[in-house]
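Reader: I'm new to this one. Could you walk me through how to read it?

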Amino acid sequence: MTLADHTRTSTAATDLRVVKLGAHIGARVEGVALGGDLDAATVRAINRALLEHEVLFFRGQHHLDDAGQRAFASLLGVPTAAHPTVTSLGADVLPIDSEHGTANSWHTDVTFVDRVPKASVLRAIALPPYGGTTTWASTVAAYAQLPAPLRALADTLWAVHTNVYDYAAEAAEQVRSAAVAAHRAEFQSSYYETVHPVVRVHPETGERSLLLGQFVKALVGLGTKESQAVYTLLQDRITRLENTVRWSWELGDVALWDNRSTQHYAVADYDNQYRRLHRVTLAGDVPVSPSGEHSRVVAGDASRYSPVVAP
């Protein structure tokens with residue numbers, strides 16, 4: 001059964017309608033009230049749509065609270081702790097709160113640990129009157145579009161990822177308030193460093209994708225200048241506009257994305273207005289390179305944050 005543009009999937013619990021939003025990424029899912037009571041057929045249909053479209057959007061989920069959000073997420077996988085280092089804001093649900101800073105950079109979540117999360121469920125809590133959109137990019141489409149010589153190069157590369165990333169911070173974001181400074185200090189309170197393949201094989205689809213983003217410190221075996229040049233070359237491929245989808249949030253919205261095949265960017269274009277969303281993250285596996293090698297831990301133990309969960 002294919003969940004394509006404007007198709008319907010009837011289940012015992014709901015009538016799903018999946019509306020494709022772009023050629024390479026993104027779909028809106030209609031006809032389902034999210035929660036922990038969805039039947040198995042509906043959950044399978046949502047997971048298939050996630051694998052096909054990489055990020056899904058659900059409007060009108062006003063009934064959800066944190067417990068319902070986590071219960072829904074648990075149907076799709078094993079929830080992690082809220083964050084490997086930021087523990088003061090919640091044990092299992094992470095507030096994405098503008099008072100603690102803005103993530104205005106492209107990233108795949110938590111790639112500084114070895115067990116990169118499978119997916120995330122993000123729910124709008126408080127929104128600014130303008131701005132505050134989020135954009136996702138397909139790292140699978142980016143890899144598929146590489147010319148053959150660049151694919152051959154990327155397949156052999158490895159990158160060092162770390163949670164100490166001052167080199168990626170925008171000048172305007174550096175310690176603009178005590179809350180931001182405290183959040184950044186907590187984010188870096190325990191040091192993590194992991195070496196990941198630049199190209200990983202998706203554990204469910206078998207597709208290859210580019211594993212990069214803001215937590216990359218360097219490419220293994222390359223000097224600083226060469227490392228930055230190659231990183232920029234590949235990262236720019238990911239964020240080409242045709243590989244992205246941009247979502248304008250409304251209260252009641254929920255986004256679900258495959259963290260193994262996407263990057264995302266929360267656009268900080270809402271001045272000093274307040275913005276808050278709640279995130280539940282699902283445990284994933286350790287990335288595998290095209291040659292079958294697994295990511296390697298250099299520093300940090302992520303076992304308290306997340307188990308390793310293979311599909």
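Reader: Which residue stands opposite H196 in β9?

Author: Strands of a sheet pair through backbone hydrogen bonds, either parallel or antiparallel. In this predicted model, A159 stands opposite H196 of β9. Strands here are DSSP E runs of at least two residues, helices are H or I runs of at least four, and both are numbered from the N terminus. Two strands count as paired if DSSP finds at least two bridges between them. Strand β8 (residues 158-162) and β9 pair in the antiparallel sense over five bridges. β9 also pairs with strand β17 (residues 296-299), antiparallel again, over three bridges; there E193 stands opposite A299.

Reader: Are the residues of β9 buried or exposed?

Author: In a regular strand the side chains alternate between the two faces of the sheet. For β9 (residues 193-197), five of its five residues are buried, meaning under 20% relative accessible area, with exposed over 50% and partly exposed in between (1.4 Å probe, protein chains only). Both faces are covered: E193, V195 and P197 lie on one side, T194 and H196 on the other.

Reader: What is the strand order in the open sheet with β7?

Author: The order is β13-β7-β15, with antiparallel pairing. β13 (244-247) and β15 (262-266) are the edge strands, each pairing on one side only. β7 (residues 134-138) and β15 share five bridges, and W136 has H264 in β15 as its bridge partner.

Reader: How do I check a helix, say α1?

Author: An α-helix has 3.6 residues a turn, so residues three or four places apart point the same way. The 14 residues of α1 (residues 40-53) should span 20 Å, and the end C-alpha atoms are 20 Å apart, so the two agree. Among the buried residues of α1 are V43, I46, N47 and L50. After α1 comes E54, whose phi is positive, near 75 degrees.

Reader: Where does pLDDT stay under 50?

Author: Where pLDDT is low, the predicted coordinates should not be read in detail. pLDDT is the predictor's confidence in each residue, from 0 to 100. The chain averages 89, and 85% of residues score at least 70. Residues 1-13 stay under 50, and residues 167-175 are below 50 too.

Notes:
Residues are numbered from 1 along each chain as its sequence is written. This is a predicted model: local features need pLDDT of at least 70, side-chain atom pairs count only at pLDDT 80 or more; totals for chains, interfaces and linings use all residues. Side-chain values use heavy atoms; hydrogens and water are left out. The expected span of a helix is 1.5 Å times one less than its number of residues. Contact means heavy atoms within 4.5 Å.
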